[in-house]
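Me: I have a structure open and want to go through it piece by piece. Can we start with the strands and move on from there?

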Amino acid sequence: MGIIMKKIVAMSMAAVAVLNAASMDEAFVAGKAEGQIRAAYVSQDNETDQDTYGTAIGGIVKYETAAWNDIKLGIGAYVSQKLHFATGSFDEGKANADLFGENTKSYAYTGEAYLDYSANDFNLRVGRQQLDTPFADTDDIRMHPNTFEAAVASYRGIEGTTLVGGYMTRWAGYDSGSDISKFKKPADGSNGVAIVGFMNESVDNLAVQGWYYGADKFADLYYADAAYTVGFGEEMGLELNAQYAAFKEDTQADGTKSGVDGNVYGIGAAFIAGPVTVGAAYNRGSNGEGKTPPIGFGGGPYVTSMEEWTIEGMEDVKAYQFSAEVDMGAAGVEGLSLSVLYGVFKSDPAAVKVRETDVIVAYAVNERLGVDASYARIQDGNDNAGEGGTDGGYSRFLVRMSYNF
């Protein structure tokens, strides 16, 4: 942990130490263990690079004490064990790193370890934890969600409103970089990220939120969105949403600017008619020369984000998305849904044009067991979206089975 986070944890643990030992024993005895077992297979066929694949089994095992004096302690182990069923060589060149740690090895690490204090409408959680905010989120799209070393407070004492404030120093997970299991700073030499936000649902059918992230050595990120639902009957409705984000680049540890600067706006609509939902979304970015938008620390909040591609790193981007989803419960298969998405991403200054088609199947067998599979096809229209201006096209197949206990 960073120096600031270590001091916060030390102060919190000192407070815990003064509690009555007998009540602490009772809290540990009354605590609960829970988790998830997950198995996953991923393969990627690249237009330019080596094709890769990987199979892993693992999951999360977590224990949380019962509350004593409004305080709980939690700890969670995150594990991914490499499996190899295919014939032939499975060296580093063919191993898909999405499911593995450094050098495509199995990993195990403490993904969560926190102290949680709750009283009335106030909550404070300190330590390794999951976060779900627009530019710092779990983004659970492979073996495990992202987790963060942070101190985060929330207050719900205002009707329909949640206020959030906190500080994040390091993070780990699929989106954090090459070694999934290692907690890393938000940027080289960074002291951390200050987070302030609010969410409000006090108006019927309307949800709004606004956030600020002060990411040292990276950028200042500002974000707001609104979602409004219009009902036309019991099984028909329209969901409308709009978003805006602005970025101001910061100086990096090496003295250069981060290149994260400009603004992005987006609009989207989804029409629901019984088991069928069809939608469309649009993002537009505006940046100075050589500047681009980020996705932050996670998957990002953009309305056009696909299974693989987003507007991150694309100067003056224009992005379109069209989607359709069918709930197969109406056909007698409860828990099964089918989705198809099509997205186009353009950056005129870089002459980049990327198309992505996604097909997603999700099946909740019961409350504990679920299976999801997705196929994503990325087409590089001008053969220059890859590293070094190469063809960045590829197709990716992912299937996961999850059992919660």
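Me: Which residue in strand 20 does Gln36 stand opposite?
Reply: Gln36 stands opposite Asn404 in strand 20. This is a predicted model, in which local features need pLDDT of at least 70 and side-chain atom pairs count only at pLDDT 80 or more, while totals for chains, interfaces and linings use all residues. Residues are numbered from 1 along each chain as its sequence is written, and side-chain values use heavy atoms, with hydrogens and water left out.

Me: How many bridges join strand 1 to strand 20?
Reply: Eleven, and the two strands run antiparallel. Strand 20 covers residues 394-404. Strands here are DSSP runs of E with at least two residues, helices are runs of H or I with at least four, and both are numbered from the N terminus. Two strands pair if DSSP finds at least two bridges between them.

Me: What about strand 1 and strand 2, parallel or antiparallel?
Reply: Antiparallel, over 13 bridges, with strand 1 at residues 32-46 and strand 2 at residues 52-64. They form a hairpin with five residues between them. Gln44 is placed opposite Thr52 of strand 2.

Me: OK, and the overall count: how many helices and strands?
Reply: Two helices and 20 strands. The radius of gyration is 22 Å, close to the 22 Å from the globule rule for 405 residues, so the protein is as compact as a globular protein of that length. That radius is taken over C-alpha atoms, and the rule is 2.2 Å times the number of residues to the power 0.38. The C-alpha trace spans about 65 × 60 × 55 Å along its principal axes.

Me: What share of the residues is buried?
Reply: 44% of the 405 residues. Buried means under 20% relative accessible area, exposed means over 50%, and partly exposed is in between, with a 1.4 Å probe and protein chains only.

Me: Switching to charges. How many salt bridges does a search of the whole structure find?
Reply: 16. The criterion is a side-chain nitrogen of Lys or Arg within 4 Å of a carboxyl oxygen of Asp or Glu. Asp98, Arg142, Glu307, Glu308 and Arg396 are linked in a network of them.

Me: Which residue does Arg128 meet in a salt bridge?
Reply: Glu149, at 2.9 Å from N to O. Arg128 lies in strand 5 (residues 122-129) and Glu149 in strand 8 (residues 147-155), so the pair ties together parts that are 21 residues apart in sequence. Arg128 is buried at 17% relative accessibility, and Glu149 is buried at 0%.

Me: Last topic, the nonpolar surface patch. Which strands each supply at least two residues?
Reply: Strand 15 (276-286), strand 17 (336-347) and strand 18 (352-364). The patch comes to about 900 Å², and its residues include Phe232, Val276, Leu338, Val361 and Phe397. Patch residues have over 30% relative accessible area and no salt bridge; like charges are joined within 9 Å, and nonpolar side chains (Val, Leu, Ile, Met, Phe, Trp, Tyr) within 5 Å. Areas come from the Shrake-Rupley method with a 1.4 Å probe, and for residues only the protein chains shown count as cover.

Me: Where does Leu338 sit?
Reply: In strand 17. Leu338 is partly exposed, at 35% relative accessibility.
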